[in-house]
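Subject: Structure handover

Hello,

Here is the structure I promised to pass on. My notes follow below it.

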Amino acid sequence: MMVRLETPADIAAIRIVEEIAFGRRDEARLVEDLRAAGDAVLSLVAVEGGIIAGHAMFSRMNAPFPALALGPVAVLPEHRRAGIADQLIREGIAHSEAAGWRGIFVLGDPAFYRRFGFNVGKASGFSSPFAGPHLMAIPIGGSDLPALTGSIQYAPAFGTLG
């Protein structure tokens, strides 16, 4: 398996991966809306056997420091439990650190995202419409986030996610 940056030729396949992985079109529309608004910062694909088997999007967000939002992360059902999501997320974190971002927020299952260093406690001081037990953060380029409180806002496209 290879993880790489998306190319324009991948866009149709990414849409299919998102729709199949989530069983609905909302996340595929979110990815397209983030791209169209210029809020998509990093979009990675996992290629397995010549097909795109997974996708992860990192988008710009407003925070007291340079921060990204992770999501959606999608893997085709027949390729799950093979480490594809893990590799997409780890590569995304590494790219984010190399680009100088200082933190990443994610909304998801703490049991899954904890393995990458995401922590509910690190996000608990931030106000957001998504605040709660599933909002997590990971510091990038240091042991802690540059600020521990403040307001964070996901890109406007997230407001349309059902």
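S4, helix H3 (residues 84–98) and S5 form a β-α-β unit, and its hand is right. Right-handed here means that, with the strands pointing away from the viewer, the path from the first strand over the helix to the second runs clockwise. Helices (H or I, at least four residues) and strands (E, at least two) are DSSP runs, numbered from the N terminus.

Before the rest, the ground rules. This is a predicted model, where local features need pLDDT of at least 70, side-chain atom pairs count only at pLDDT 80 or more, and totals for chains, interfaces and linings use all residues. Residues are numbered from 1 along each chain as its sequence is written, and side-chain values use heavy atoms, with hydrogens and water left out.

Now the strand pairing. S4 and S5 run parallel, joined by 4 bridges. Ala67 has Gly103 of S5 as its bridge partner. S5 also pairs with strand S7 (residues 135–139), this time antiparallel, over 5 bridges. There, Val106 has Met136 of S7 as its bridge partner. Pairing requires that DSSP finds at least two bridges between two strands.

How enclosed is S5 by the rest of the structure? Largely, because 4 of its 5 residues are buried. Buried means under 20% relative accessible area, exposed over 50%, partly exposed in between (1.4 Å probe, protein chains only).

Next, Ser59. This residue sits in strand S3. Ser59 counts as buried because its relative accessibility is 0%. Leaving out residues up to four places away in sequence, Ser59 touches Leu34, Asp39, Ala40, Val41, Ala67, Leu68, Ala69 and Phe158. Contact means heavy atoms within 4.5 Å.

Last, the rings. There are 9 aromatic pairs in the structure. Rings of Phe, Tyr and Trp (its six-membered ring) pair if their centres lie within 6.5 Å; planes under 30 degrees apart count as stacked, over 60 as edge-to-face and the rest as tilted. One of the pairs is Phe65 with Phe105: stacked, 6.3 Å centre to centre, 25° between the planes. This pair links distant parts of the chain, 40 residues apart. Phe65 lies in the loop between strand S3 (51–61) and strand S4 (67–75), Phe105 in strand S5 (residues 103–107). Both Phe65 and Phe105 are buried.

Phe112 and Phe116 pair edge-to-face, at 5.5 Å centre to centre and 65° between the planes. Phe112 counts as partly exposed because its relative accessibility is 22%. Phe116, at 8%, counts as buried. Ring pairs join Phe112, Tyr113, Phe116 and Phe118 into a cluster.

Best wishes
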